[in-house]
Amino acid sequence: MNSEQPSTISSTRYESARAAVRVGDVVTRYLRAGVGRPVLLLRGSQEPDLFWSGLAAGLAERVRVIVPELSEPFADFSGWLLAFLEGLGLHSVGVVAEDAAGLAAIAFALAEPDRIQQIVLLTVASSEPADNDPGFGEPLAPRGLAVPLLIVPRDAADLLGQVTRFLTAGPGPASPP
Amino acid sequence: MTTAEAFPNTSLTGLPVQLTRFIGRKRELDDLARLIRSTRLLTLTGGGGSGKTRLGSEAAVRAATGFSRLVWVDFGALEDPGLVPQQVAAAFKTPERAEGSVTDTLVQTIGEQSVLLILDNCEHLVDACAELVEVLLRTCSRLAVLATSREALGVPGETAWLVPALATAEAIQLFVERAQAVLPTFQLTPSNEPAVHEICRRLDGIPLAIELAAARVRVLSPEQIAERLSDAFRLLSGGSRTALPRHRTLRGTMEWSFTLLNAREQALLGRLAVFAGSFSLAAAEAVCVGGPLEAEDILDGVSALVDKSLVIMETAKGEARYRLLETVRQYAEERLRETGELAVFRERHARFFITFAEHAELHLFGGAGNPSWLTGITEESGNLRAAAAWAEEDAGRTELALRLGTAIHWYWFAGGQFQEGRRRLEIALTRSVEIAPDVRGRALVAFGMIMFWQGDHAMMRPPIEEALPLLRAHGDPWAVAYTLTALATALLVEGDSMAARGPIEEAVAHARTLKPGIFLPFTLYWHGLAAQGRGEIEAARASFEEAIQIGRSLGNSPAIAHPMSLLGRLAFAQGRYGEAFINYAESLSIHLATADIWGMGRGLDGMAAIAVAVGRHDRGARLLAAAESLRGRIGMGTHVSPQDLIDRERLVASTRAALGGRFREVWSEGMALATRDAVALALADTPPETGEYRLPPAEAIEPVGHVVASPTIELRVRALGPLQIFRGAEPIDSAAWGSARPRELLVFLVMHLDGCTKEQVGLAFWPEASTAQLRNSFHVALHRLRKALGNPDWIGLVNERYRLDPSVRVEFDAIEFEREVTAACRALGKRGEGAGTALERALEWYRGDFLDGEPAGDWHVTYRDNFQRLYLEGMQALGTWQLEDDRLPKAADTFRRLLARDQLHEEAWRLLMVSHARMGERSQALKLHQRLTELLRDELDADPDEETSELYERLQRGRLSENRSVSSAVSRPPRSVSLPLFAPNPP
């Protein structure tokens with residue numbers, strides 16, 4: 001069945017759920033909310049943060065948000081992420097990340113381009129970006145990276161709208177060929 | 001040793017049969033064993049062919065001892081996410097109910113059982129599975145779920161566990177075992193070991209890929225396999241020497257394996273993808289021929305595919321069936337789609353199974369009569385659903401959808417899949433397309449029958465009435481007769497046995513002209529019921545006996561057991577308990593053997609009635625409770641007429657009265673009995689000696705009176721028996737009360753219509769409470785009571801006294817009972833006209849003891865005893881009047897009912913003896929004396945009193961029947977009621 005057809009699904013699938021993935025001896029806990037395309041939220045820190053919980057709740061209206069609890073520091077981020085995706089049974093996902101997690105996500109996308117749909121990189125809150133500042137808020141396609149990239153400051157106007165539009169543009173995640 | 005033998009204490013349902021040995025994975029199994037115990041939802045994830053199912057089944061079997069039940073559900077063949085709960089319910093053998101969702105029914109079935117539920121192949125139904133699992137885990141606290149799915153379910157508390165690749169040593173071991181299966185001489189040697197090692201490495205330790213590769217050793221050496229795989233993978237990865245990504249390895253292996261098939265095998269594998277679940281060779285031969293494939297190629301082709309591990313063979317009862325692993329099936333379906341033939345073969349598949357179903361229809365009629373056909377069609381359930389889904393896709397196929405639904409409606413009955421059947425027929429019946437009238441007519445009848453099975457009796461008649469003219473004009477005699485029988489059924493369950501007569505007699509006449517079969521006994525069953533309903537006992541008996549005789553000659557067990565049970569019911573109604581017992585016993589034994597739950601429910605009720613009639617209330621209550629619990633589980637009524645419901649209520653009331661305080665305990669023991677144990681209890685007895693007691697003739701069992709509301713009454717309280725409270729005609733349901741106290745307060749207030757103070761209530765309700773506690777408790781109860789009544793003004797406070805507003809028109813059964821019984825007894829003493837009948841009616845108020853079953857305070861005990869005394873005296877007066885009036889069977893019945901409430905009432909025993917003696921049944925009377933003597937000795941360690949001994953002597957001398965004056969010796973005018981129980985009714 002098509003997981004993007006919420007009409008047949010009761011409201012429980014929209015509520016957030018805590019679950020875990022176990023690969024070998026590594027257990028990763030995560031929070032899931034919403035239905036639709038899977039999107040990973042990767043935070044640099046595990047401190048409670050209203051910004052992130054608000055973003056997760058907002059995104060969950062349109063996509064399936066998955067927020068893993070990352071252990072710090074990332075010894076082998078790429079290995080962990082691959083195992084996490086395999087354990088969830090997801091072939092490819094969108095990623096919203098910041099700080100070190102953002103860079104790690106880009107590194108992963110360079111190695112495994114068909115497993116990442118898009119990357120949204122959140123930057124620290126900026127003061128007003130100059131109008132001619134290139135890249136902020138515009139989807140990018142940097143050479144060498146086969147994954148669309150969006151860089152937005154945390155305090156951008158209509159952040160949620162921008163991120164949602166970017167993540168839901170284009171075809172849905174491909175299943176493994 | 002089979003799995004089932006290994007775990008005698010765990011019931012295993014639906015576990016897949018494994019024909020090959022499970023290899024390695026010790027570490028994983030240990031890990032899983034621990035996780036199954038500590039996690040409520042464990043999902044084995046991993047790509048296709050990674051061995052989720054196999055590992056899951058192995059882990060489940062090892063974990064079995066920790067659970068009382070293991071249930072396996074395979075979703076591989078299911079496409080419709082809406083049927084996920086149905087599929088699980090079917091695995092639990094839980095028939096659906098008319099009301100409530102299938103999920104609710106499942107929740108009730110599982111309840112607090114410790115169950116390990118295994119959901120296999122969830123990936124294409126992730127959301128539907130997640131939703132169901134979440135509800136089940138939340139409500140069934142001892143349930144654990146083990147799922148296999150390519151994707152995690154994402155349910156709270158889930159642990160997704162990635163099935164790892166096989167370790168190298170295990171992979172090699174698997175390769176060798178599977179290679180030996182096709183080439184027994186295959187050995188791992190120093191020369192081929194590097195190649196095998198290389199194959200396993202290339203195949204990433206994916207079990208299915210290794211099996212597909214190993215299956216080729218008959219033709220290719222391991223070195224050749226390694227080389228060709230390598231070439232194939234280089235092709236797939238666009239010439240690069242880097243390893244294929246893991247998720248493409250299996251795909252690559254399947255492609256490689258596919259290219260090694262010859263054209264006929266390739267075509268066949270693609271076509272086999274249209275089967276859902278397993279298939280028989282005959283079905284494959286019928287569906288897959290065409291183009292390069294002749295029918296005789298199919299067997300060779302299938303067995304070649306089995307050799308190559310692309311098709312799995314299973315044998316059940318010596319019959320071979322085949323299936324494709326889900327991963328292989330998906331691949332094969334793609335290949336078929338590429339050839340552009342998918343639609344052609346899906347249609348051929350659907351048409352084949354529609355024809356198959358129509359061929360099975362007559363064999364399935366009546367449900368479980370033909371076990372081999374039932375098993376046969378159950379094996380095809382996945383294919384039948386696929387055919388139904390195909391027929392629903394396009395309005396142009398509606399006629400086929402209706403034909404299929406009609407053909408399998410008895411199969412739906414046997415499996416309890418009512419909602420699915422009803423929904424499918426409803427979809428097809430409401431499509432506005434031209435349908436042949438006979439097809440539509442027959443589908444309407446099937447639709448009506450499903451409603452009957454669901455207990456939706458009010459909805460059943462319209463479709464059948466619509467069908468009748470269609471089939472009279474266009475149908476065959478069989479269809480007309482079936483429709484007439486269904487119409488009669490509808491009328492009978494509505495209670496109209498007169499109106500049922502015409503249709504059922506016509507149906508029987510039609511049925512007699514048909515080829516002998518199950519249909520005539522089916523019709524005779526309802527014919528007999530209709531006759532009995534009209535009081536034509538001999539006609540009823542003849543119908544049942546004929547039905548049984550035909551059933552025996554056909555060897556069709558339901559056709560024997562169902563009418564047999566009605567024969568028992570008939571014998572019982574005439575007071576021939578011994579005969580009734582024997583009939584019910586035979587019927588129950590058959591129903592037990594065929595696992596006919598509906599039939600067992602009827603049999604238990606019948607046996608309970610006999611037990612109660614012969615005074616064995618303990619046994620009666622137990623069997624009644626067991627039948628009740630069984631009905632709760634299957635979600636169906638088992639009555640065939642409204643009278644059954646009334647009789648059952650009577651039986652429950654009389655066991656409740658007889659057992660008093662013990663009733664609750666006995667009842668819950670009965671409710672807890674497993675169906676099999678309940679039937680064993682019912683059968684483990686000897687038939688009562690026929691005629692020892694005589695049942696009230698059918699007309700004496702009147703409907704429970706006084707429920708019909710007269711419009712002027714606003715509040716109706718029925719406290720004699722289980723407490724019932726009505727606003728107007730509407731019962732106030734128990735949920736509205738919150739607890740029992742508010743109800744009790746209402747009863748207290750209607751018994752003190754002048755009002756009472758808070759302290760009076762407190763003394764009666766909370767004798768040990770402090771003033772503060774009392775105030776609190778009182779107001780909580782009062783608040784709830786007002787809310788439940790929905791009219792706060794009804795209970796007012798006047799001069800510190802709480803009272804029911806005098807303008808509210810109240811009917812309170814205890815007051816009516818007392819007033820009417822006292823008045824009637826007085827009138828009877830004066831030989832007043834109609835006094836006996838008035839007394840009979842007055843006594844009907846008494847459904848049971850005052851506030852029976854209510855956790856009411858001690859205050860009610862005196863009242864309860866007084867009402868009971870009044871009832872017993874009333875009964876005695878009534879019986880005596882009937883005796884003097886020479887209505888001897890009635891009198892005997894009355895005394896026996898009296899004894900059911902007070903078995904040590906010696907005077908009632910004497911009067912019963914006199915009644916029998918007057919009927920000329922002297923030996924019966926002497927037997928009664930014998931029973932009384934034993935009873936007194938057992939219970940009181942006493943002898944019968946002088947008066948009884950005197951009576952006994954006269955009975956022995958046989959002089960009683962001539963001496964009519966004797967009745968005056970034992971009858972005297974009843975005492976008037978001892979206590980004024982109530983304050984006078986306010987004007």
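These notebook entries record what I looked up in the structure.

**Entry 1: the model.** I noted that this is a predicted model, in which local features need pLDDT of at least 70 and side-chain atom pairs count only at pLDDT 80 or more, while totals for chains, interfaces and linings use all residues. Residues are numbered from 1 along each chain as its sequence is written, and chains are lettered from A and ligands numbered from 1 in the order in which they are written.

**Entry 2: chain B as a whole.** I found 45 helices and 15 strands in chain B; these are DSSP runs numbered from the N terminus, helices being H or I of at least four residues and strands E of at least two. Chain B has 987 residues, of which 49% count as buried. A residue is buried if 20 or more other C-beta atoms lie within 10 Å of its own, exposed if 12 or fewer, and partly exposed in between, with C-beta atoms placed from the backbone. Two residues are in contact if those C-beta atoms lie within 7 Å. Of the contacts in chain B with a separation of 6 or more, 70% join residues 24 or more positions apart.

**Entry 3: where chain A meets chain B.** I recorded 26 residues from chain A and 27 residues from chain B in the contact. On the side of chain A, β1 (17-23) and α2 (77-88) each supply at least two residues. The largest share, 7 residues, comes from β1(A). That side has 13 nonpolar, 8 polar and 5 charged residues. Here Ala, Val, Leu, Ile, Met, Phe, Trp, Tyr, Cys and Pro count as nonpolar, Asp, Glu, Lys and Arg as charged, and the others, Gly among them, as polar. I also saw that β1(A) pairs with β6 (158-162) of chain B in the parallel sense over 3 bridges; strands pair if DSSP finds at least two bridges between them. The bridge partner of A:Val21 in β6(B) is B:Ala160.

**Entry 4: B:Arg922.** I located B:Arg922 in helix α43 (residues 922-940) of chain B. Why does B:Arg922 count as partly exposed? The reason is that B:Arg922 has 17 C-beta neighbours inside 10 Å. Beyond its neighbours within four places in sequence, B:Arg922 is in contact with B:Ala917, B:Leu955 and B:Gly958. B:Leu955 is 33 residues away along the chain, yet the two C-alpha atoms are separated by 7.0 Å.

**Entry 5: a helix pair.** I examined α39 (residues 835-843) and α40 (residues 859-884) of chain B, which pack at an angle of about 145° with their axes 10 Å apart. Axes are lines fitted to C-alpha atoms, for helices over the stretch in contact, and angles run from 0 to 180 degrees between N-to-C directions. Among the residues that meet are B:Leu839 in α39(B) and B:Trp881 in α40(B). The contact has 8 nonpolar, 2 polar and 1 charged residues.

**Entry 6: a sheet in chain B.** I traced an open, mixed sheet of 4 strands in the order β12-β11-β10-β15. Its edge strands are β12 (730-731) and β15 (810-812), each pairing on one side only. β10 (residues 715-718) and β15(B) pair in the parallel sense over 3 bridges, and B:Arg716 stands opposite B:Glu811 in β15(B). Helix α35 (residues 740-751) packs on the sheet, touching β10, β11 (724-727) and β15, and its direction makes about 100° with that of β10(B). Helix α38 (residues 813-829) also packs on the sheet, touching β10 and β15, at about 65° to the direction of β15(B).
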